[in-house]
Amino acid sequence: MADIFDVIADGTRRDILQILLDRSTAGERGTSVSQIVHELGASQPTVSKHLKVLREAHLVSVREEGQHRFYSLSAGPLDEVDEWLVPFLDDVAAADEETVAGLPDSAAHAADVVGRAAASAKHAWENAWWKRSGR
């Protein structure tokens with residue numbers, strides 16, 4: 001099995017995982033290959049190749065109904081990524097808390113609001129860029 005970091009390093013595979021997450025959040029029980037092809041604007045062989053890698057990494061499960069295959073997200077293997085990231089995030093959070101602790105309450109609140117707004121704007125810009133670039 002491929003290293004989970006190698007699997008999620010590919011932008012198309014991340015886009016597929018995002019599609020599956022979005023559809024799962026919307027209450028769908030699976031997403032067909034043709035729906036993924038349509039949303040990505042990629043060829044069916046390309047999508048199938050990436051779905052195979054995701055299946056082998058156990059990041060997706062497949063349900064067959066006749067000739068149709070429906071894919072669902074299986075986020076469990078991402079726990080390895082989460083476990084790797086958490087120590088870094090804890091260090092950053094601790095440093096942020098030390099910095100904020102020295103500020104007056106109003107300044108700490110303003111810093112928090114500005115930080116959240118900046119993160120939200122960055123996220124919105126990245127999503128728009130990824131969609132525009134066709135990834």
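This is a predicted model: local features need pLDDT of at least 70, side-chain atom pairs count only at pLDDT 80 or more; totals for chains, interfaces and linings use all residues.

**Core and helix packing**

Author: Let's begin with the largest nonpolar core, which has 19 residues; I16, I36, V47, L51, L54 and L59 have the most contacts inside it. By nonpolar core I mean buried Ala, Val, Leu, Ile, Met, Phe, Trp, Tyr and Cys residues joined through side-chain atoms within 4.5 Å. Buried is under 20% relative accessible area, exposed over 50%, and partly exposed in between (1.4 Å probe, protein chains only).

Reader: Which elements give two or more residues to this core?
Author: Those are α1 (4-8), α2 (11-25), α3 (33-40) and α4 (44-56). Helices (H or I, at least four residues) and strands (E, at least two) are DSSP runs, numbered from the N terminus.

Reader: Which element has the lowest mean pLDDT?
Author: Helix α6 (residues 105-132), with 63, whereas α4 has the highest, 96. The chain averages 81, and 65% of the residues score at least 70. pLDDT is the predictor's confidence in each residue, from 0 to 100.

Reader: Back to packing. At what angle do α2 and α4 cross?
Author: Roughly 80°, and their axes come within 10 Å. So α2 is roughly perpendicular to α4, a label for angles of 65 to 115 degrees (under 35 is roughly parallel, over 145 roughly antiparallel, the rest oblique). Axes are lines fitted to C-alpha atoms, for helices over the stretch in contact, with angles running from 0 to 180 degrees between N-to-C directions.

Reader: Which residues make the contact?
Author: T12, R13, I16 and L17 from α2 meet V47, H50, L51, V53 and L54 from α4. Contact means heavy atoms within 4.5 Å.

Reader: Is H50 buried or exposed?
Author: H50 counts as buried because its relative accessibility is 5%. Leaving aside neighbours within four places in sequence, H50 is in contact with D10, T12, R13 and I16.

Reader: And what does L54 touch?
Author: With neighbours within four places in sequence again set aside, L54 is in contact with V7, R13, I16, L17, L59 and V60.

Reader: What's the phi of H58?
Author: Near 65°, a positive value in a residue other than glycine. H58 lies in the loop between α4 and β2 (60-65).

Note on methods. Residues are numbered from 1 along each chain as its sequence is written. Side-chain values use heavy atoms; hydrogens and water are left out.
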